[in-house]
Amino acid sequence: MGWLKRTSHPTVNHATSEDIPKPTSAHIEHIPSGTAPLPRYPAAPLSTPDAALQFIPAEEIAKRTSAESGGLLIVVDDIVYDCTQFLSEHPGGEQVIRSFAGTDCSWQFWRFHGKKEMQEFGRPLRVARTAGAKNRFKEPPRYIGLRRLGDEWD
Ligand code: HEM
């Protein structure tokens with residue numbers, strides 16, 4: 001029973017504030033409001049005409065480039081499409097749509113699709129209309145034979 005005879009307590013090294021690990025995650029109430037997740041725009045009913053869609057400024061669209069940032073939006077002819085869910089079903093692959101996230105891709109879209117694809121697969125993805133969304137690439141001229149499409153016939 002040697003332990004009963006102990007007269008002094010062993011020395012304890014008390015932790016100092018330096019030893020206490022700093023929290024690695026922030027409490028939700030401490031996250032600045034600027035970094036809160038952006039709201040997702042709901043898809044418009046098929047019956048809604050383009051002109052009656054809600055208007056979203058191009059700057060808002062530019063912020064929405066992924067599921068985590070309020071949906072992956074693209075713009076074709078000033079209509080805004082949320083492609084977040086559609087990405088994995090896209091016959092042309094995910095990457096090509098991702099590369100246009102938050103921007104206009106009108107001329108690129110019409111190079112690969114017709115009105116039929118837009119009507120059947122694009123229309124259900126409409127969330128809004130916009131104006132002034134930037135396309136990062138200049139459309140190269142299209143030729144038929146030696147004639148540039150859109151030239152005057154003379
Ligand atoms: C609203 C967004 C989009 C929708 C609803 C959509 C829909 C479709 C559909 C239905 C097809 C199959 C066409 C077929 O089998 O004939 C397709 C193919 C394709 N799409 Fe998209 N697409 C979208 C956005 C884009 C964008 C932004 C690009 C970039 C240029 C793109 C590039 C392609 C390509 C390269 C193919 C394959 C064409 C081929 O194999 O001949 N798509 N898309």
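This is a predicted model: local features need pLDDT of at least 70, side-chain atom pairs count only at pLDDT 80 or more; totals for chains, interfaces and linings use all residues.
The iron atom of the ligand is held by two protein donors, the NE2 atoms of His90 and His113. These donor atoms lie 1.9 to 2.0 Å from the iron atom. The iron atom has 6 donor atoms, and the angles among them run from 85 to 179°. The site is octahedral. For six octahedral donors, the ideal angles at a metal are 90 or 180 degrees.

The two histidines come from separate parts of the chain. His90 is found in the loop between strand S3 (79–82) and helix H2 (94–98), while His113 is found in the loop between helix H3 (106–112) and helix H4 (115–122). The pair therefore ties together parts that are 23 residues apart in sequence. The two histidines also fall into separate classes of accessibility. His90 has a relative accessible area of 14%, and because this value is under 20%, His90 is classed as buried. For His113 the relative accessibility is 24%, so this residue counts as partly exposed.

For His90 the distance is 2.8 Å, and for His113 the distance is 2.7 Å.

The surroundings of the ligand extend beyond these two residues. In total, 17 residues surround the ligand. The closest of them are Phe86, His90, Val96, His113 and Phe121. Helices H2, H3 and H4 each contribute at least two residues to the shell around the ligand. The largest pocket is the space that the ligand takes up.

Most residues other than glycine have a negative phi. Asp77, which is not a glycine, has a positive phi near 50°. This residue is placed in the loop between strand S2 (71–76) and S3. With a relative accessible area of 46%, Asp77 is partly exposed. Asp78 also has a positive phi, of about 70°, although it is not a glycine. The loop between S2 and S3 contains Asp78. The relative accessible area of Asp78 is 35%, so this residue is partly exposed.

Notes. Residues are numbered from 1 along each chain as its sequence is written. Side-chain values use heavy atoms; hydrogens and water are left out. Donors are N, O and S atoms within 2.8 Å of the metal (3.2 Å for Na, K and Ca); water is not among the atoms, so sites may look incomplete. Four donors count as tetrahedral if all angles lie between 85 and 135 degrees; four count as square planar and six as octahedral if opposite donors are over 155 degrees apart and all others between 65 and 115; anything else is irregular. Helices (H or I, at least four residues) and strands (E, at least two) are DSSP runs, numbered from the N terminus. Buried means under 20% relative accessible area, exposed over 50%, partly exposed in between (1.4 Å probe, protein chains only). A residue is near a molecule or strand if one of its heavy atoms lies within 4 Å of it. A polar contact is a pair of N or O atoms within 3.5 Å; within protein, one must be able to donate a hydrogen and the other to accept it, and residues adjacent in sequence count only if both atoms are side-chain atoms. On a 1 Å grid over the protein atoms alone, a cavity is a set of points where a 1.4 Å probe fits but cannot get out, and a pocket is an open set with protein on both sides within 12 Å along at least five of seven lines; lining residues have an atom within 4 Å of a point. A molecule sits in a cavity or pocket if more than half of its atoms lie within 2 Å of its grid points.
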